[in-house]
Amino acid sequence: MRTARRYLAREIYRSCTVVLLALLGLFTFFALVDDLDNVGDKFSMLALLYMQALALPTRLYDLLPIGLLIGAILALAGLAQRNELVILRVSGVSGMRLLRMLWLITLPLMIGATLLSEFVTPVAEIKSGEASLLFRGKASGTRMDSGYWFKEPTRDGGTRIINIARLLADGNVEGVTLYEFKPGLQLTTLSKAATGTFTRDKLVLQDVVETHIDARAAQALADAKPPRTPPARVAKVPQRELDTTLSPERLLARVLTPERMSLGTLLDYIDYLHHNQLDASRQVVALWRKVSYPFTLLVMITIAAPIGFMQTRRGGVGAKVFIGILLGVGFFMLNQLALNVGMLSRWPPWLTALGPNVGAVLAALGALSLMEYRHATARFAQARWPWRRSPA
């Protein structure tokens, strides 16, 4: 069986490589054409090619499951068309044993997908974000028109809200606004700084303009009388050191899509959100989806098995590949639908992430079992209901 497994692995790896190269080339070409309008004096053609090269690992990460599905169906359909699967079946290899062989063949791909997900894709995403900041002056991700917003507690039990207008390519920031509240959410200080630099759990602000609000300002304004003391006092500070839980990594985590982070960065960002009493449900779901990503390849090979094992008298390879494409797109849409519905309905994160995978595996195993035991099922049905026998 080792020889048969090696032969199957060679056929599947070769087909998957061809399919992935074709899909990568197609999607990269579409992205290049779509971005050609942005080429100009500040954003050159060389910069566009550099950013598209940085996007290749992320694109491969997204296309790997469907590429494995189509490539496996193509390889198995070719083997079935040449009756090589029939030879394996006649030699005593059952359908479930063939499926176990396919699972073993998928293990190296799962290891490669884990390495891609943990090391290559996060670095490429960070470099892509830095390149976007450098060439376009903006970062992709969850940015509002007013910039990036963060919330954290202060040492005296109050709350600090940080607004950052712009992230720089070196991890520093521009246009920092601080809203500092004492316990009870009463605003005490409003600070604006031109730039900020991170050093050892501190944010060093430059050219700071601080507006200190008197604690009796609200009462003085409510009396409708001229206050004895100014309700606010403005001071200019050349430099201010701020103890903060923010870091350049957490800033980039705010910019990146959660599924694109490494597990360590994602866990650190979830801990930061929980520590600051912020909603981390999206990141927790992303953590489950990231953990389950390598097992999605097992789901794809399981779906490909019953389609590839189907015997056809004439050809049928094109029809099988078409069915595989439909199933791959359908599975992707179901995954996204489960994510959105799960977030809106407050489903458990594990159910949102693993539900489509488990459902697809059960459906594929059911189809494979039906194919495996269809003759026994037909004989049982004819023995149980003899009047349903087809006339000779």
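Biologist: By the distance rule for charged side chains, how many salt bridges does the count come to?

Modeller: This is a predicted model, and a pair is counted when a side-chain nitrogen of Lys or Arg lies within 4 Å of a carboxyl oxygen of Asp or Glu. By this rule the count comes to 13 salt bridges.

Biologist: In which part of the protein is the confidence lowest?

Modeller: The mean pLDDT of the protein is 84, with 88% of its residues reaching 70 or more. Confidence is highest in helix α1 (residues 2-35), at a mean of 93, whereas the lowest mean, 55, belongs to helix α11 (residues 374-384).

Biologist: Is Glu210, which pairs with Arg240, buried or exposed?

Modeller: The side chains of Glu210 and Arg240 meet in a salt bridge with an N to O distance of 3.5 Å. Glu210 lies in strand β5 (residues 202-213) and Arg240 in strand β6 (residues 232-243), so the pair ties together parts that are 30 residues apart in sequence. Arg240 counts as buried at 17% relative accessibility, and Glu210, with a relative accessible area of 10%, is under the 20% cut-off and therefore also counts as buried.

Biologist: How many residues apart in sequence are the parts that Arg282 and Glu259 tie together?

Modeller: Arg282 forms a salt bridge with Glu259, and their closest N and O atoms are 2.9 Å apart. Arg282 lies in helix α8 (residues 281-309), while Glu259 lies in the loop between α6 (248-255) and α7 (263-275), so the parts tied together are apart in sequence by 23 residues.

Biologist: What relative accessible area does Glu174 have, the residue that is partly exposed?

Modeller: Glu174 forms a salt bridge with Arg166, the closest N and O atoms being 3.4 Å apart. Arg166 is partly exposed, with a relative accessible area of 35%, and Glu174 is partly exposed at 28%.

Biologist: How far apart are the end C-alpha atoms of helix α9?

Modeller: Helix α9 (residues 317-345) has 29 residues, and at 1.5 Å a residue it should span 42 Å.

Biologist: Which helices do the buried residues of α9 pack against?

Modeller: The buried residues of α9 include Val321, Phe331, Ala338 and Leu339, and also Lys320 and Asn335. Just after α9, Arg346 takes a positive phi of about 60 degrees. The helices that the buried residues of α9 pack against are α2 (45-81), α8 and α10 (349-372).

Conventions. Residues numbered from 1 in each chain as written. Predicted model: local features only at pLDDT ≥ 70, side-chain atom pairs only at ≥ 80, totals over all residues. Heavy atoms only, no water. pLDDT = per-residue confidence, 0-100. Helix = DSSP H or I, 4+ residues; strand = E, 2+ residues; numbered from the N terminus. Buried < 20%, exposed > 50% of the residue type's maximum accessible area, 1.4 Å probe, protein only. Expected span 1.5 Å × (residues − 1). Contact = heavy atoms within 4.5 Å.
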